[in-house]
Amino acid sequence: MLIVMKKGATEESIQNVVEAAEKRGYTARPIPGGDRVSIGILYNKGSVDAGRFMGLEGVKEVIPVTKPYKLVSREFKNENSVIKVGNVCFGNGSMPIIAGPCAVESQEQAITIAKAVKKAGAAMFRGGAFKPRTSPYDFQGLGKKGLEILANVREETGLPFATEVMDIESFDLVEEYSDVIQIGTRNMQNFSLLKRAGRAKKPIILKRGMSAMLQEWLMAAEYIMEEGNSQVILCERGIRTFVRHSRNTLDLSAVTEVKKESHLPVIVDPSHAAGVRDQVIPLACASVAVGSDGLMVEVHHKPEEAMSDGAQSLYPEQFEKLMQMVNKIHSITGCASF
Ligand code: PEP
Ligand code: MN
């Protein structure tokens with residue numbers, strides 16, 4: 001249930017409602033909005049009697065919440081959440097593009113790619129230091145050294161960066177270095193990792209599990225928010241289907257549906273959906289047209305030598321073209337809601 005306070009409700013009346021809820025054994029979570037505060041009631045088993053709260057001072061209305069997810073839902077918070085990473089905003093109608101290699105391989109590789117994507121207009125850099133690989137014999141990432149390289153690249157280019165965290169063991173380290181922490185498709189339902197992410201002081205990019213329903217994805221985001229971190233960016237990256245012409249199938253309707261259900265920004269990673277570079281630009285364009293709040297794209301200056309995901313990595317010239325096309329489409333559609 002959601003208790004919506006009147007505009008200008010005093011701190012005291014908000015506290016009074018929180019106490020009234022807690023006295024009945026519920027957890028009450030104030031959610032600041034544009035011009036008014038709402039109070040979410042959590043952990044109620046069964047319905048809550050709205051009448052108990054309607055008469056309290058400062059209460060405007062009491063809305064039953066019908067969805068299993070609460071903090072992530074539009075029922076709880078109607079206006080779009082804007083997640084800030086330095087000067088980069090996700091969810092405010094702009095089109096931030098995160099670009100870089102799948103994995104950090106060396107200082108020289110990372111800085112070469114970072115300079116190229118920055119020149120083309122990328123707002124953020126990406127690169128994995130801890131890589132979740134299908135085979136234990138494949139390159140697993142440079143670990144701490146990779147994070148140090150990413151920090152050097154940030155220093156030199158001014159680009160904030162996103163990098164993946166794979167487990168709780170390395171969480172503190174990844175949190176210390178990164179600007180945004182990525183949770184990958186394979187970990188979307190790693191609930192202890194999600195809880196740790198919920199205690200992080202950095203924003204989280206939560207990729208959709210490769211066979212997750214929207215409700216499961218949103219519930220995973222709920223885990224993070226419930227622990228206290230409301231800085232969550234959702235990322236659609238393709239789901240596993242029967243097709244063989246692409247690595248995954250980009251589920252563009254997920255973008256429009258999630259934006260209806262949730263106030264969180266949703267970005268798209270066309271690279272892992274495609275698996276091959278020829279499909280990346282068209283899928284990126286389509287993602288922007290359906291209202292994505294940003295993109296994450298893999299780029300490599302020598303993709304044929306890449307240690308991972310070379311086949312789907314764009315050459316820098318292709319990335320420039322992507323930026324031009326995406327900017328044109330975004331100037332027509334904005335980050336539309338349908
Ligand atoms: C990645 O971003 O390099 C990655 C491994 O992504 P995903 O979790 O979507 O496969
Ligand atoms: Mn990759």
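**View 1. Arg52 in helix α2 (residues 51-54)**. Arg52 sits in this helix of a predicted model, where helices are DSSP runs of H or I of at least four residues and strands runs of E of at least two, numbered from the N terminus. The relative accessible area of Arg52 is 45%, so the residue is partly exposed (buried is under 20%, exposed over 50%, partly exposed in between; 1.4 Å probe, protein chains only). Gly8 and Arg52 are separated by 44 residues in sequence, and their C-alpha atoms are 21 Å apart in space.

Residues are numbered from 1 along each chain as its sequence is written, while chains are lettered from A and ligands numbered from 1 in the order written. In this predicted model local features need pLDDT of at least 70 and side-chain atom pairs pLDDT 80 or more, totals for chains, interfaces and linings use all residues, and side-chain values use heavy atoms, without hydrogens and water.

**View 2. Domain 1 and domain 2 of the chain**. Domain 1 covers residues 2-63 and domain 2 covers residues 83-333, with bounds from an automatic or database domain assignment. The distance between the C-alpha centres of domain 1 and domain 2 is 36 Å.

**View 3. The residues around ligand 1**. The shell consists of Cys102, Arg126, Lys131, Glu164, Gln182, Gly184, Thr185, Arg186, Lys207, Arg237, His272 and Glu298 (a heavy atom within 4 Å).

**View 4. Polar contacts of ligand 1 with Lys131, Gln182 and Thr185**. A side-chain N or O atom of Lys131 is 2.9 Å from an oxygen atom of ligand 1 (cut-off 3.5 Å between N or O atoms). The side chain of Gln182 likewise places an N or O atom 2.9 Å from a ligand oxygen. At Thr185 a polar backbone atom lies 2.8 Å from an oxygen atom of ligand 1. On its own ligand 1 has 300 Å² of accessible area, of which the protein covers 97% (Shrake-Rupley method, 1.4 Å probe).

**View 5. The manganese ion (ligand 2) and its protein donors**. Four residues supply the donor atoms: Cys102 through SG, His272 through NE2, Glu298 through OE and Asp309 through OD, at 2.1 to 2.4 Å from the ion (N, O and S atoms within 2.8 Å, or 3.2 Å for Na, K and Ca; water is not among the atoms, so sites may look incomplete). Their spacing along the chain is C-x169-H-x25-E-x10-D. Cys102, in the loop between β7 (97-100) and α3 (107-120), and His272, in helix α9 (residues 270-274), are 170 residues apart and link distant parts of the chain. Cys102 counts as buried because its relative accessibility is 3%. His272 is buried too, at a relative accessible area of 8%.

**View 6. The backbone at Asp309**. Asp309 belongs to the loop between β14 (295-298) and α11 (316-333). Its phi is positive, about 55°, although Asp309 is not a glycine. Most residues other than glycine have a negative phi. Asp309 is also a donor to the manganese ion, through OD.

**View 7. Gly275 in the loop between α9 and α10 (280-289)**. Gly275 counts as buried because its relative accessibility is 13%. Gly310 is 35 residues from Gly275 along the chain, and the two C-alpha atoms are separated by 9.0 Å.

**View 8. Glu175 and the backbone of Lys201**. Glu175 is part of helix α5 (residues 171-177). Its relative accessibility is 12%, so Glu175 counts as buried. From there the Glu175 side chain reaches the backbone nitrogen of Lys201, at 2.6 Å.

**View 9. Asp251 and Glu257**. Asp251 is placed in the loop between β12 (232-236) and α8, and Glu257 in helix α8 (residues 252-261). Asp251 counts as buried at 17% relative accessibility, whereas Glu257 counts as partly exposed at 32%. For Glu257 and Arg24 the separation is 233 residues in sequence and 35 Å in space, C-alpha to C-alpha.

Methods:
A polar contact is a pair of N or O atoms within 3.5 Å; within protein, one must be able to donate a hydrogen and the other to accept it, and residues adjacent in sequence count only if both atoms are side-chain atoms.
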